[in-house]
Amino acid sequence: MRSLRSSCTVAVLAAGISLFAIQASAQPAGVLRVAVGADPATFDPAFNDLPVGNAVDLAVLDGLYRLDPQNNVQKNLAVDSSFSPDGKVFTVKIRTGKTFSNGDPLNAEAVAASFNRMLDGKTGSIYRGLYASLGTVKAVGEDTIEFHMAEPNGHVLMLLASTAASIVNVKAVKEMGAEYGRKPVGSGPYMVERFVGGEGFRLVPNPKYSGDYPATLKAIEFSVVPEDGSRMALMETGAADIVERVPPESVDAIKALKDAKVVTPPSMFSINMEMVLRGPLADPRVRKALNMAVDREGITKGVLGGLGTPSVGMVGPGTQDELRKTFPPIPFDPAAAKKLLAEAGYKPGQFTLSFTCPTGRYIKDVQVCQALAASLEDIGVKATPLVVDRGTWSNVVGMEPDQRKDNMGMVGRATAGMDYTLYRLFYTGVGANRTGYSNPRVDALLKEGRATADLAKQREIYGEVQEIVWKDQPFLFLWYQTQAIGVSNRVQGFAVQPNETLVFDKVTLK
Amino acid sequence: MFVLRRLGGALPTLFAVSLLVFLFVDLIPGDPAQILAGPSASNEEVASIRTFLGLDEPLLTRYGHFIRGIWDPAAATSFRTHRPVVVELAERLPNTLIVSIGGLVIGITLGTLAGIVSAMRPGGFADAAITVLTLAGISMPIYWLGLLCIWLFAVNLGWLPAAGASTPAHFVLPILVIATRPAAMFSRLVAASLTETMGKDYLDTARAKGLSETRVVLAHALRNSLVAAVSVAGVQFGGMLGGSVVTETVFGIPGVGRLLVDAVSRADYPVIQYAILMFAVFFVLINLVTDLLTQWLDPRTREQERSA
């Protein structure tokens, strides 16, 4: 009896110790200092459009689903989901017993309220159109949410996994108004403790968090430093552990530091010259000639300082890798390009075109445009780069094709989801198709692809669409940007999504 | 009375500024709705955001809304943060004022001292050194000087933080950098006008009274040479508020200048409009203060004021 009792005591003690050990190892420790280049205006997922805002939303809010560092969809609040047989009702079951950081319950009703807020025209969310297919959202009981879809959409998981679909506490939004954008009340592992506009913000663990991604750091301190040189100086002086957006000219200097390195994860930013398909550019031979005139290897190495990978498909890595298809790179062959132009009836110097480029929107955009103009000169095309400010650029590339006065525009596309990206760019007459591209086969495939939820079928459909687009060449395909982030050696477990969102889930400090 | 009259006289100016600001902002390339919606947005999405922002309203209604926002914070909210513009400005203004006023005070002090030294011993070694430094101070772009200072004091010597605004130490470099221009301007100005005054008869009178040369320069000559310097200081201060755009970007200081640049690049119309209007009010006030200072320094301007 005695021995039994003592062994029980030992067992309980042992259990206690091991419990304590687990607790101790999970105790958040260390302060991570991050220097970012862009100044987030708001963390409200209905309005945020910056990667740094995504990073904060990922840490502070929960979504039904979330994206892992490779942009694969993973369950978060959701435990189960199903489509009704007609594909019109999508039902999600969520884990119960969670609360927001202010103690409000996070139940089906709160989730439905969050979605309905975003979909309400009065909110003015910039993502309302993107999520319009969700239709109306209803809570059934404590743990079930029904999306009564406006149209069948087999890509709903991709939509729900974006940080734009994070669950906000609508009650807190009503009480706090615009301040909610600075200190969002969510159910994620961290919460915003301090926000000083333009200077920085600080995340601390959310004591009410329960879930699979508990906080590992005692605090994450962000400082906003827009000037590249000054931001790099923070890394060089050891005042920051992570610096965002290392410019090509500083990569070597950061690499040379004793206790830091530069990580270069791929970015889904697919940079292209999007053509306006009329006049000479309506001729596939001309488009092919232009595509063969560009030395992508040379420009990514020489101008981008290695922060680019020549395109092997329209969509960038991470767009939705399970559906992405890649092709052999386009050869750099000025002689063949000249021949093609001659076949199309253009003698050297006869063909002129202009293209619009932004300033400071993409890595080395202005220099790249000069290099492209020179490449096109080499095959006898008189090309004029129109380098403009970002406001003008966004106006020009947002115009209807028939209003455009130029022939091409430099645009980077980085939207998660194959359906979203391809449908908007290539479906005939859709309000975001700025090239005027129209191909009945592509239209049919995109329509079919949107309605199907079957992965194998989607793979087949989107594989064909990507192949047609790659062959039709409505763009002068260029490259995918490469991210460059300076990371101190004391940081471990740091990851970055292809959409430039920093992921702090597993970060620890040495 | 004079102050009130001057302020009243500024009203038409401010009204004209409000009209110009309002109309010119419309001319900035870029549609706020298009920029907010991003390059992948469809026409319908852009249109719905435009309606939400009230950009569909007729011009006159929007101008009325803009004027209303001057006293009603709820009517003037940023397109991006949705917070009242006055809150955004109030949060950033102290940083801008610390840097500008700090830079101006240090610049004027150093400049005046250097000017006196130059004027006392024209052609001497100190004068030559000051002239060279002054020339460098006037010609060196603030942007470049800022980066050089970060490189030297933050990266190499490690004395001061490179960027940010969380501690007083963060303000040292920007204030010193921004002080170079007024220091350079002032040393030239004070030196020139002192040299000119030094030959005046009334200084001989002062010397004949048996005053020391220092006393003569500081109490008698300097006061007269400051008249011109004060109006230059006013202009410099205005220029510094404008120049804050550059300094704040280089040193990562969250001030009004950077807020304005961000607002322009993202077409955040309300922030641009009210920030510029606020700068206009500042200019009016600065002019008023320089006039008052001039009157205090130079009694002749007061006489004219009375007879007018």
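**Notebook: sheet, chain contact and a helix pair**

I looked up Ala35(A) and found that its bridge partner in E11(A) is Val243(A). The model I am reading is predicted.

I then took the two strands as a pair. Strand E1 (residues 31-36) and strand E11 (residues 242-243) of chain A run parallel, with two bridges between them.

Next I traced the sheet around them. I read seven strands in an open sheet of chain A, in the order E8-E9-E10-E1-E11-E19-E12, with mixed pairing. At its edges I noted strand E8 (190-196) and strand E12 (260-263) of chain A, each of which pairs on one side only.

I turned to the contact between the chains. I have 43 residues of chain A in contact with 48 residues of chain B. On the chain A side, the elements that give two or more residues are strand E10 (219-224), helix H6 (228-236), helix H12 (390-397) and strand E17 (408-413). I sorted the residues of that side into 14 nonpolar, 18 polar and 11 charged.

Last, I looked at two helices of chain B. The axes of H10 (residues 213-250) and H11 (residues 256-265) of chain B come within 7 Å and cross at roughly 90 degrees. From H10(B), Ser244(B), Val245(B), Glu248(B) and Thr249(B) meet Val256(B), Gly257(B), Arg258(B), Leu260(B) and Val261(B) of H11(B). I count four nonpolar, three polar and two charged residues in this contact.

Definitions and conventions. Residues are numbered from 1 along each chain as its sequence is written. Chains are lettered from A and ligands numbered from 1 in the order in which they are written. This is a predicted model: local features need pLDDT of at least 70, side-chain atom pairs count only at pLDDT 80 or more; totals for chains, interfaces and linings use all residues. Two strands pair if DSSP finds at least two bridges between them. Helices (H or I, at least four residues) and strands (E, at least two) are DSSP runs, numbered from the N terminus. Two residues are in contact if their C-beta atoms, placed from the backbone, lie within 7 Å. Ala, Val, Leu, Ile, Met, Phe, Trp, Tyr, Cys and Pro count as nonpolar, Asp, Glu, Lys and Arg as charged, and the others, Gly among them, as polar. Axes are lines fitted to C-alpha atoms, for helices over the stretch in contact, and angles run from 0 to 180 degrees between N-to-C directions.
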